[in-house]
Amino acid sequence: MKKKILAAVLAAMMVFSLAACGSSGASASGSASGSASGSASQTSYKIALCMSHQTNAFTIAVAQGAKDKAAELGVTVDVFDGKQDQATQASQIEQCINSGYAGILVEPVSVDGIVPAVKEANEAGVPVITVVQKMSGQDQYAKAYCGGNDEAAGETQMQHVVDLLGGKGNIAILYGPMGSDGELICKQGYDKILAANPDVKVVFDETANWVTEEALSLVENWLSTGMEINAIVAQNDGMAMGALKAVEDAGLQDKIMVFGVDAVDDALQAIADGRLTGTISQDASGQGALGVQTMVNLLNGQTVDPVTYTECVWINKDNVNDYLSK
Amino acid sequence: MKKQHRVSFLKDFGILIVFLVLVIALSIISGGTFSSARNAINILKQTAVNGILAMGMAFVIISGGIDLSVGSTVGLSGVVACMFAHPAASGAGGQYPFIVPILMALLIGAAVGLFNGGLIAYGGIPPFIVTLGSMTIVRGLALIVSGGSPIYDVTSGFEAIASGKLKSIPYLAFYLIIVVLICAIVLNKFTFGRRVYALGGNEVAASVSGINVKRIRVLVYTISGVLAGFAGLLVASRTITGSPTAGQSYEMDAIAATVIGGVSMSGGSGKWYGIVIGSLMLAVISNGLDILRVNSNYQLVIKGFIIIFAVLMDIKGKAKKT
């Protein structure tokens, strides 16, 4: 009897997890399907959007931007969650090829991991456009890239840090997962600015893996050492918020400026409240929308630019009200 | 006779010796930064969540089971607590009384614990499988309930739960001490505690001697769940955010703390002070290595070796005793 129950539970779990993988797209689409309104030449394309994950405000904003644009254009977008695993994403791309999607938008979990699946898509005649992050062999396999320019974001952020410090001071850097694209390319931007400003010294730099609590503990420990820090520069808002909390707990908010990237809601509110010094918006929802628009243009037979960057905007107290959603 | 004493002493206090050596070494190498008062307070703050989770995990492991769902419970309870902690001004229909988010977090923990305990005790399904399943279910629920984004904008009262201090000793330290003391008393002085050990030591004997095995099981998983709910509340208050992905792999650290502290994975043994040392050790390693600017990847390797070393000592200790 026990064995039967065990077998039933295991079977149910397997079925459930398969269903979750397969149907995550269907349950998330929610956009208008092929309505007759709009130009006569507008076919109701079925487009797939394979995101690396859907567990933070940024990636959710990208997907929402894509869905809103799709509704506007009269096409369908189905969103797939790659659970930050390259094998899962590769399977999802393959599934999409088989399900007959007209085009596939991908936010790569890993630049190399999706190459075989994208090659297959090309062989099957299904165009692939990358969003948010590029892939290996971008020019060879993907028709276009629509997204943020992480290096420009890093440069813009670091330039403002340097300016606000008056060209000299000690800074601490919080990276995303080491070796991930977001981290590497953004760091290139940082390195450029830091090379031109030798009086700004990096006294601490370490990864907090995009996680708020990890950043909090890390910064707490840095502050313990008594080493003077004038600014903390984080590669995303999630970590910036953790760093901010540690700084405030130590009563050092007047002595240490904190900077983030992504312009998510809680960071924007913190800027409006005068706590966070600034963030960089890479227009997350704009990236999603741009991806869909470019795919539709491509499917309609127009030529598209191989690279389209969304605007990278520095947000601080002066312009934050333009970006707050409430 | 002397050799037996020495071995038993090593098993009980060996880990304490390792801990003290580590603390002294870190103090010397860091030139006093590690042993500063401010850093000691940081370590206490950083131990609190894991320590509380580890005490709950101890009940479960001593009873012969395992609970993989606590990390996910931390996420879900934090999310739900924050949803009830918005200030009146944010227009979500007014402010809830202060006690509401706290109760919600504990209730969520209890619900998960009851679910686990019920299926394990009455469904006869192995704990590893049930809690593996609930780990996934609860994480999914956290993502659904929060819509995938962290919940923010909480009252300063909510923030004070984990961030406040009494005469420069953080509240977190008090919570940890209180939870540890209560668990220690229950494990050692209450009949229930003895029964938990008995169940883990030999289930058949326990059952035959009249212990209601099913009820004990449900209770230990509920305790683990409630403590995980409390831990989730503290994480959310400390970061002033209810993140659906909070607590990821916290169950692994809780298990590590109990194992380092000498709790045997096969159940039936383990002392409460061992768990405290285990948890402190993990916080000390991470804090000390951060101060020494050791790359976080090396920290993982070191942590792993210490866990294995602790289990080795446990196995050797057991072999010598029989």
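Mentor: Strand β8(A) pairs with strand β9 (residues 257–259) of chain A through three bridges, and the two run parallel. One pairing can be named: Ile232(A) has Val258(A) in β9(A) as its bridge partner. Between these strands the chain passes through helix α9 (residues 237–249) of chain A. This β-α-β crossover from β8(A) to β9(A) is right-handed. The model is predicted, so read every detail here as a feature of that prediction.

β8(A) has another partner. Strand β6 (residues 169–175) of chain A is joined to β8(A) by four bridges, again in parallel. Here Ile171(A) stands opposite Ala231(A) of β8(A).

Now the faces. In a regular strand, side chains alternate between the two faces of the sheet. Strand β8 covers residues 231–234 of chain A. Ala231(A) and Val233(A) lie on one side, Ile232(A) and Ala234(A) on the other. These four residues are all buried, and both faces of the strand are covered.

Step back to the chain. Chain A has 11 helices and 12 strands. Of its 326 residues, 51% are buried. Take the contacts in chain A between residues at least 6 apart in sequence: 75% of them join residues at least 24 apart.

Chain A is divided into two domains. Domain 1 takes 4–147 + 286–306, and domain 2 takes 150–281. The contact between them involves five residues of domain 1 and six residues of domain 2 of chain A. On the domain 1 side, three of the touching residues are nonpolar, two are polar and none is charged.

Last, the neighbouring chain. Chain B brings 31 residues to its contact with chain A, and chain A brings 28 residues. On the chain B side, the elements giving two or more residues are α2 (37–62), α5 (127–146), α10 (213–239) and α12 (272–291). The largest share comes from α2(B), with four residues. By type, the chain B side divides into 10 nonpolar, 17 polar and four charged residues.

So where does that leave the strand?

Definitions and conventions. Residues are numbered from 1 along each chain as its sequence is written. Chains are lettered from A and ligands numbered from 1 in the order in which they are written. This is a predicted model: local features need pLDDT of at least 70, side-chain atom pairs count only at pLDDT 80 or more; totals for chains, interfaces and linings use all residues. Domain bounds come from an automatic or database domain assignment. Two residues are in contact if their C-beta atoms, placed from the backbone, lie within 7 Å. Ala, Val, Leu, Ile, Met, Phe, Trp, Tyr, Cys and Pro count as nonpolar, Asp, Glu, Lys and Arg as charged, and the others, Gly among them, as polar. A residue is buried if 20 or more other C-beta atoms lie within 10 Å of its own, exposed if 12 or fewer, and partly exposed in between; C-beta atoms are placed from the backbone. Two strands pair if DSSP finds at least two bridges between them. A crossover is right-handed if, with the strands pointing away from the viewer, the path from the first strand over the helix to the second runs clockwise.
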